[in-house]
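Open the model in a viewer and keep the selection panel at hand.

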Amino acid sequence: MKTLRILMIIVAAGFVMFARPGAASECMECHSSPVFRVQHKSLFDYYTEFRNSIHGLAGLDCADCHGGDTTTRDMKKAHVGVKDRVRYDRIPETCGACHENQQRAFVTSDHYRILKDEGTAPNCVTCHGAMEMDFIFAGRVKNTCAFCHNMETGNAPEIPDRADYILSKINIIKGYRSYVETNAKDRELVGELAQAYQELSAKWHRFDLTSVERDTKELLGRYRTAKAQAVRDKRRQ
Ligand code: HEC
Ligand code: HEC
Ligand code: HEC
Ligand code: HEC
Ligand code: HEC
């Protein structure tokens with residue numbers, strides 16, 4: 001009797017683990033199957049791209065963005081609502097459920113207003129991709145912005161160069177940051193700077209470039225000073 005009870009507890013615990021969001025869901029099982037791969041080649045690619053993305057590696061599940069029922073093998077039941085939450089104009093809310101800082105800044109931008117009113121402005125996925133989720137880095141940002149901001153559209157064609165310039169400064173900050181985080185003695189300062197970096201990154205999503213540029217310069221100055229101090233700290237060790 002006792003062994004049976006223990007067995008039942010183990011089975012129940014296993015069940016709970018598998019039912020937990022993030023564990024292998026029926027969406028993944030079905031969309032990754034060899035049959036699916038053959039019958040729906042282009043949709044299968046969504047799965048592989050997702051698996052190798054930062055989200056796949058972080059253990060997200062399809063349903064974290066799509067909704068739907070992850071526990072059933074009945075395709076109809078599983079698919080209820082899976083397209084609604086990733087509709088063009090609803091994407092910011094879907095992504096914003098986890099990326100609150102970016103979302104809060106983004107809703108105050110012209111991009112967001114026009115996205116909602118006319119549907120002709122970028123949403124999160126335009127710049128970051130949907131499955132093959134990525135960050136934007138200097139060099140690539142130019143093309144992303146120039147898709148809409150160029151001479152032909154006449155829509156603020158100077159923006160790609162400005163965005164590229166600011167991001168290249170942010171890249172320098174990133175370099176300083178990793179040195180400071182490893183070597184600086186003043187851990188309180190390290191925390192303050194990391195916080196300021198997060199705020200700057202979120203502020204990007206207001207697309208008020210003048211203010212972002214000012215904050216970027218200021219933070220670069222603070223990190224430069226902190227790095228010089230960290231170099232001295234290291235020598236003294
Ligand atoms: C039993 C297999 C199966 C399960 C389970 C399943 N899917 Fe699908 N899914 C498919 C097939 C097959 C297609 C191809 C299009 C079709 O026939 O509807 C598809 C298509 C889709 C599409 C594209 C919809 C379209 O009409 O273009 C999305 C998005 C999607 N699935 C998401 C999910 C999510 C999210 C889950 C889990 C909550 C899930 N699927 C569970 C088999 C499955
Ligand atoms: C981080 C959020 C996110 C996750 C996680 C995610 N998706 Fe998506 N997916 C999106 C967005 C946004 C779109 C719509 C934009 C697009 O089509 O490029 C989309 C589109 C799709 C489409 C095309 C739908 C169509 O109408 O043709 C398929 C198929 C799909 N996803 C399947 C999946 C599967 C399967 C998983 C899990 C293995 C998954 N997605 C996980 C955000 C996500
Ligand atoms: C269920 C929560 C969740 C949802 C929904 C979600 N993400 Fe994420 N996202 C994460 C996690 C977890 C990471 C891993 C890195 C981290 O911890 O910040 C991440 C990382 C990222 C990164 C890289 C950031 C970095 O620090 O490298 C970008 C860009 C991103 N997500 C954009 C999106 C977009 C765009 C959407 C909507 C299509 C989305 N996310 C939806 C949880 C989520
Ligand atoms: C017009 C293009 C654009 C749009 C739209 C956009 N982003 Fe970004 N996003 C960027 C750029 C450029 C960066 C890089 C700035 C940086 O490194 O701080 C970035 C950085 C990020 C990061 C990484 C922040 C970090 O830790 O460094 C996340 C997460 C993110 N965006 C989420 C979102 C979400 C969620 C949305 C929609 C609500 C969104 N983005 C809309 C361009 C965009
Ligand atoms: C899908 C198209 C699209 C993409 C991609 C895009 N934008 Fe925009 N952007 C717009 C539209 C539309 C407006 C509104 C123009 C207006 O005021 O009528 C706008 C406005 C702006 C403004 C405000 C301009 C002003 O001074 O009034 C800034 C700043 C901006 N975008 C920055 C960016 C940056 C930076 C990127 C790349 C990371 C980018 N945009 C990518 C469509 C886009």
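Helices (H or I, at least four residues) and strands (E, at least two) are DSSP runs, numbered from the N terminus. This is a predicted model, in which local features need pLDDT of at least 70, side-chain atom pairs count only at pLDDT 80 or more, and totals for chains, interfaces and linings use all residues. Residues are numbered from 1 along each chain as its sequence is written, while chains are lettered from A and ligands numbered from 1 in the order in which they are written.

Select ligand 3 to begin. Helix 5 (54–57), helix 6 (62–66), helix 8 (91–96) and helix 11 each supply at least two residues of its shell. Among the 18 residues around ligand 3, the nearest are Ala58, Asp64, Cys95, Cys98 and Cys124 (near: C-beta atom, placed from the backbone, within 6 Å of the molecule or strand).

Move to ligand 5. Helix 11 (124–128) supplies at least two residues here too, as do helix 10 (110–117), helix 12 (141–146) and helix 13 (159–183). Of 20 residues around ligand 5, Pro122, Cys145, Cys148, Ala163 and Phe207 come nearest.

Next, select helix 13. Ala163, Ile166, Tyr176 and Val180 are buried in this helix (20 or more other C-beta atoms within 10 Å of the residue's own; exposed is 12 or fewer, partly exposed in between; C-beta atoms are placed from the backbone). Finish at Tyr176, which touches Tyr223, Arg224 and Lys227, not counting residues up to four places away in sequence (contact: C-beta atoms, placed from the backbone, within 7 Å). The buried residues of helix 13 pack against helix 12, helix 14 (187–203) and helix 15 (209–236).

Conventions
Contact = placed C-beta atoms within 7 Å.
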